[in-house]
Amino acid sequence: MFDAPNPHAQAAYAFWSSIKDLEESKQPIEVSGSCLTIADVIAVSLHGAKAHLSADTRQVDRSVAILEERIQAGDVIYGVNTGFGGSADTRTDVGAEPLMRLQGALVQHLNVGILTHADKGRHGINRRTGKPCTNELLRSHALPSPVVRATMLIRCNSLMKGHSGVRPLVMENIMKLLAKDMMPIIPLRGSVSASGDLSTLSYIAGALEGNPDIYLHVKNSKTKQTDILPADKALPLAGLDPVRFQVKEGLGITNGTAPSCATASIAIQEANQLAVLVQLLTAMGTEALAGTAANYHPFISSVRPHTGQAEAASNILAFLAGTKIAAPCEPHNGSDGEPAKVRGLAQDRYALRTAPQWIGPQLEDLELATKQVQTELNSTTDNPLIDPSSGFIHHGGNFQAMALTSAMEKTMLALQNLGRLLYAQSSELLNNMTNKGLPPNLSADEPSRSYTCKGFDVNMAAYMAELAYLAKPISSHVQVTEMNNQSVNSCALVAARYALEAVEVVSLMAATYIYVLCQALDLRVLHLEFREDLPERIGSRILSDVAAVKKPEPKAKEEENGCLSENDITKSQRLASMIAENILDQWEKLAHLDVEERASVATKQSALDALGLLHCGREYDRATLSISDLQAYHLKTARVVSDCYGDHRKTLLEGRQDTGQWLSAGSTVVYEFVRKELKIPLNRGVVDHPPFLKEESNRLREVIRSKAEPSTKDIEEGNDLWSRNRILGSMASDIYETIRSGELHSRIMEFGRANKMWGDGSST
C-alpha cells in the first residue's frame, strides 16, 4: 500500500545522507566547477566541512591566456577596456596599469552597501564622534555568516569552470580565507541580481585587495573568540598578500549570482525538510483529531495521478502505520459484522481530507526549484564569457538570475501553502467545536481554570499573516536602473532572502503545532480510554441498580442458582454500551464545561434516550421506573461519568498514562522526541505556571534538606519540576531550534530509513 513513488522524499533522504557522509568522512570537498552539490554547500556553510580547489586549472589558465591575446589584438571587450553597464561607451587606454586601475574603479563604485558600526565590530562606537551608538532600533545589515561562506564557495566553483579569465591565485586566496573561516562582512541589501550580485560580491573583492574599510570576521587563535578586523590587518593573519586585480578579475569576481545561489541553497534545503515534516505532522493531526487514514487511500490518487499528490498520500499513510486512534484505511465493519457507525461528520474536514491534494503540488514545485538551484551551482554566471576551446569571447547575460528568482518564488509559495495547512489543522484542533471531544484550548484541567494553548492559537494567526505577506513574488516589482541599461533584473537575492524568512516563519508554525499536537495526543488517549471504560462502569454501577427495582423472574437454571445467564450478560453489556454512547454523544458537544457539570448535562440530555433503551429491555418493567428513579439514575450516572473521566485524567496528570501505545509509528518519532529527549511534559493546566510552581519547589527543597540523602522519588520529582518550570513559549522555542538545526529532521530520516520509506536502498 505504501509503494507509490516518492521522488521528493527520496531526494530529501539522499541529501541528508550526503551531509552525514561528508561529516563522517572529513574529506574536503573538491571545487572543480562541475560537481558541486547543494549538500556540499550546506556542509561547508553550516557544518564546518572543508573545501579545496581542484589541481586541474588548465581551463582557467587557457581562458586567462585567451583574454590577454584578444586584448593585444585590439578587441573591444566589455569590462576589460570599456566602462561598465550603461557607461560601456567609454574606452580605457590599452596598457597594464590603466586596465588594472579600471578593475579598481569597478570595485570602488560597487562598495556602496550600508553597514552599521556594530556590523563592523567597533563595539558600537561611532567612528566620527567616538561615542557609543545609542540607537537600539538599529539591527544588523550584514548577510548571515553561513550565506557568506556559501557565496565564497560557489563563486570559486563558477570561476573554476574557466570561462571568466580570472587567475587561479584569486580563487586560491578566497578559498584560504574560507578555510580559516575569515569571512568578509557583506551588506544584506543593495543587489538587484542583474548584472549578478555586483555590490554584494564587491566586498569579497575588497577583502582580497586589503581595503582598510572592508571588514572580516577573524577567529582569534588565543581566545577562540571571533574578532572583526579590517582587511589590511586580516590578510596577514591568513598568510595572504593583497591582490592587485588584473584585467577582468574585478569583474570576474563581482559579476555573478553566487550570493543569490548561496541563499537559495540554504532556503531550498530547509524548505524540503519542512515539506517532509508537514506530511508527518498531518499524520499526527489525523490521530489527534481522531480522523481516518482512508483520506490517504492509494485509489484516490490513482484516479488523479499527480505524482506529488500520490507521494504525499503514500507518505502520510506510511507514517500512520500502526495507529490505534485513526480509523483504518480500508472499509471495515463493526463488532457485529455490520458497517461501523460513523458519528458526527461523515468525513474529515478539508485540512485532513484534502492534505495530499494540497501538499502534492508543493512537493512538485520544490523538486523543480531544487533542480534550478542545483543547476546554478555549476554554471558560469558572469559576462563576457571566454570559450577556452574555440578562443571566442561571448557577450551575453548569464548573470540574469531569473532562474533563481523562479526557484525562490516557487519555494515561498510552497512554504505559504504548507504553513496554511498547519494553521488550518491547528485551528481545528484547538477549537472544541471541531476537535471531536477534546477540551477547549487543550487544557488538561478544567476549562474554567486554564487556557493552555489559546495563546498558541493567536500566535499561529500572526505567523500565518506574516507568511502570507512574505509569499508575494518579487519579480513583479523589479525596477529599471543603471541608466536604463538594467531594464529588467531578477532581484533573486531579495527573493532568496524572503524565502529564508518564510522558512523561519513556517518553522515557528511547525514548532507551535508540534507542541499542540503532543498535548492533544495525550488528551485524545485520555478521551479514548475514558470511552472504553465508561460502558463497563455503567453496567456494573448503574444497570445493576435499575435491575434491582424489578421483581426477578428466573427463567434459566443459571438464574435459579444466583447467576446471570450468558445471554443476559451479553444483553446487559450491549445495553450499557448503548447508554454510554448516548451519553458520550452529548459529552463531546459539552467540552467547554467543567467535568462535573459536563457529566451532569450530558447525562440529563441523554436521559430520555437511556429510558427508552431501558424500556426496550424485556428484563425491565416500565411500570417500576418512577420519576424518582429517573432522578436517582441521573444523579448516580452523572457521578459515575464524572468519576470515570476524573480517574483517567488523574492517571494522565500523574504520568501513568501510556500514550505511546496508541500512536502510529510516525507520530511516535515526534512525540517521544518532544517528551523524552526535549523533556517537554504535558501541561497540566494553571498549576504548571512557573510562579505557581515555586511553592511546590520550596516544599521539595525542604524535604530534601531534611534527609541525609534524597530518595529516587525525590530526584524524579525534582526533575519533573525542573522540566515544568518553563513558560510555554520556552518549550515551543526548544522545538523550534531542533527544527532549524536539523535534529528533528534526522530523527525522521532515520525512521524512514529503518522502515524503507525512502526506497529499498534507504535501509542500507
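Just after α27, Lys-756 adopts a positive phi of about 55°. Helices here are DSSP runs of H or I with at least four residues, numbered from the N terminus. The model is predicted: local features need pLDDT of at least 70, side-chain atom pairs count only at pLDDT 80 or more, and totals for chains, interfaces and linings use all residues. Residues are numbered from 1 along each chain as its sequence is written, and side-chain values use heavy atoms, with hydrogens and water left out.

Helix α27 comprises residues 743-754. Its end C-alpha atoms are 17 Å apart, which agrees with the 16 Å that twelve residues should span at 1.5 Å a residue. The expected span is 1.5 Å times one less than the number of residues. Leu-744, His-745, Ser-746, Ile-748, Met-749, Phe-751 and Gly-752 are the buried residues of α27. Buried means under 20% relative accessible area, exposed over 50%, and partly exposed in between (1.4 Å probe, protein chains only).

Helix α27 packs against α23 (residues 665-677) at an angle of about 145°, and the two axes lie 10 Å apart. Axes are lines fitted to C-alpha atoms over the stretch in contact, and angles run from 0 to 180 degrees between N-to-C directions. On the α23 side, the contact (heavy atoms within 4.5 Å) is made by Ala-665, Gly-666, Val-669, Val-670, Phe-673 and Glu-677. Helix α27 contributes Glu-743, Leu-744, Arg-747, Ile-748 and Phe-751. Seven of these contact residues are nonpolar, one is polar and three are charged. Ala, Val, Leu, Ile, Met, Phe, Trp, Tyr, Cys and Pro count as nonpolar, Asp, Glu, Lys and Arg as charged, and the others, Gly among them, as polar.

A disulfide is taken as a pair of cysteine sulfur atoms within 2.5 Å. The count by this rule is zero. The sulfur of Cys-156 is 14 Å from the closest cysteine sulfur, in Cys-261, too far for a bond. Cys-453 is also in no disulfide, with the nearest cysteine sulfur, that of Cys-518, 11 Å away. Cys-156 is buried at 0% relative accessibility. Cys-453 is buried at 0% as well.

Lys-248 lies in the loop between α8 (231-237) and α9 (249-254). This lysine is buried, with a relative accessible area of 0%. Lys-248 and Leu-99 are 149 residues apart in sequence, yet their C-alpha atoms are 8.5 Å apart. Beyond residues up to four places away in sequence, Lys-248 touches Leu-67, Val-80, Gln-103, Ser-164, Val-166, Asp-382, Asn-383 and Pro-384.

Gln-347 sits in the loop between α12 (307-319) and α13 (350-353). Gln-347 is partly exposed, at 46%.

Definitions and conventions: Helix = DSSP H or I, 4+ residues; strand = E, 2+ residues; numbered from the N terminus.
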